[in-house]
Structure formats: structure tokens, C-alpha cells
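Thanks, everyone. I will keep this short, so please have the sequence and the structure on your screens while I talk.

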Amino acid sequence: MNNGRAMNYFSIILAACICALTFGCEKPIAEMKRAEEAIDKAKRSESALCSTAEISAAEKAYKEGLNMMDTFRYNSAKQRFEDAYSKATMVQNARCKRYPAPSFEGPAARRVRDRHTVVSGECLWYISEYSDIYGDPFQWPIIYDANRGEIDSTAHSKGHYYKEEDHIYPGQVFEIPRDSSIGEIKDARKRAGAPAPYAPPGR
């Protein structure tokens, strides 16, 4: 009886040593949560729309970490979570290049525009932020909804797997809606990650 118990204890200790030496037995829960939170913040940051590749890389590293957790490779999982955290943090701290809104000259100049022609490097976030568009980057879903067919058809024609708000191309001409209700504006700002109660600036 005593010999049996001793063998059981010995087996447990041996398994623990092998686990510690081979895989690392402490689950990297803190690193996993930190990476998850960093990715969520990166997706809501101002740089998200022009950092999709970096966010995808962070998400890939995070998923690899989860898979390693499932197979008890905790040390490797910890490294992947730390990598995901690092990539997501870089997105949060990034400063995407801003392009000034095209200027209008002559007597036909207007303070607001009903159309916008995309130039190289723009994304809907920055277009919506222009003072003669909405002066508010969080209203970009309004532009997307009004031009969904053009954005989607262009992305499909180029064979991309895409997030709808990201794939716009120089030369595209977008309608800029001017008759959105306050409810529609709040809904757009909520979708874009604006803070509650989602009212636009000045409202």
C-alpha cells in the first residue's frame, strides 16, 4: 500500500518535472488577457483603418497562442501572446500619414462638398474628418453606406478579401450625404467606435 502511494507520488513529481522542463506548466493567463485587450484597443484606435495588416498579424499571433495553450505549450503560448501585444501596441501608437483635403479655387469654391474624389493614401476615416466633409472621423460609415456598391464592386474586381471600409482606391468618386438624421449620425458614430452617447461634435 505504502509502495503504491510512493510510486504515485513519484509519478506525479516526475510528470511535473517533465512538464516544467518541456512545456512550462504555468498558464500565461495574464499575457493572454493583456494581448486580447491590446488588440481590442488597436481596432478602436485612429490608426486602425490604415493598419489592418498589423492588426491581422497581432490577431494571428494571439490565435497561435491559444492553440499552443490547448496543447499545453505554455512557454510558447506566452511568447506568442507577448508578440501579439507588441504588434497591437504598435498600431495604437502609430500615426498614419494624413492627406489634406483638396482645395477649391475660384468663385465656385464651396464650404462643403457633396462629392469627394479619393487620392492616394486616403481612408474613409480621414475623408470624413476633412472640415469640408463632416469634420468628424467617426462619421465615415455614412460615406461607406452611401457608396457601398462602388466600394464593394471595386474590391471584388481586384480579387481582394477585404474589410469594406479599407478598400478604396485613388480616382473613386464618393457621394457625401448631407441629409442624415441625428439618429443616423449617432448610429454611424457608434459603429465607428465613438464614445457614448455618440452625439456628433457640437450637438
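The cover over the buried residues of α8 includes α6. Keep in mind that this is a predicted model. Which residues of α8 are buried? They are Ile-185, Ala-188 and Arg-189.

Just past the end of α8, Gly-193 has a positive phi of about 95 degrees.

Now the nonpolar cores. The largest one has 22 residues, and the members that touch the most others are Leu-124, Ile-127, Ile-133, Ile-143, Ile-168 and Phe-174. Which elements give two or more residues to this core? They are α5, residues 124-129, then α6, residues 140-146, and α8, residues 182-191.

Take Ile-133 as one example from the core. Setting aside neighbours within four places in sequence, Ile-133 is in contact with Arg-113, His-116, Ile-127, Ser-128, Ile-143, Ile-176 and Arg-178. Of these, Ile-127 and Ile-143 are also named among the core members that touch the most others.

Apart from this core lies another, of 17 residues, which include Ala-35, Ala-38, Ala-58 and Val-91. Ala-35 also brings us to Ser-86: they are 51 residues apart in sequence, yet 8.1 Å apart in space, C-alpha to C-alpha. Ser-86 belongs to helix α4, which covers residues 74-93. Is Ser-86 buried, exposed or partly exposed? Ser-86 is partly exposed, with a relative accessible area of 36%.

Last, the whole chain. There are eight helices and two strands, and from the N terminus the order is α-α-α-α-β-α-α-α-β-α. The protein chain has 203 residues, and 35% of them count as buried. Of the contacts between residues at least 6 apart in sequence, 60% join residues at least 24 apart. The chain exposes about 12,700 Å², with carbon and sulfur atoms supplying 53% of that.

That is all from me.

Key. Residues are numbered from 1 along each chain as its sequence is written. This is a predicted model: local features need pLDDT of at least 70, side-chain atom pairs count only at pLDDT 80 or more; totals for chains, interfaces and linings use all residues. Side-chain values use heavy atoms; hydrogens and water are left out. A nonpolar core is a set of buried Ala, Val, Leu, Ile, Met, Phe, Trp, Tyr and Cys residues joined through side-chain atoms within 4.5 Å. Buried means under 20% relative accessible area, exposed over 50%, partly exposed in between (1.4 Å probe, protein chains only). Helices (H or I, at least four residues) and strands (E, at least two) are DSSP runs, numbered from the N terminus. Contact means heavy atoms within 4.5 Å. Accessible areas come from the Shrake-Rupley method with a 1.4 Å probe; for residues, only the protein chains shown count as cover.
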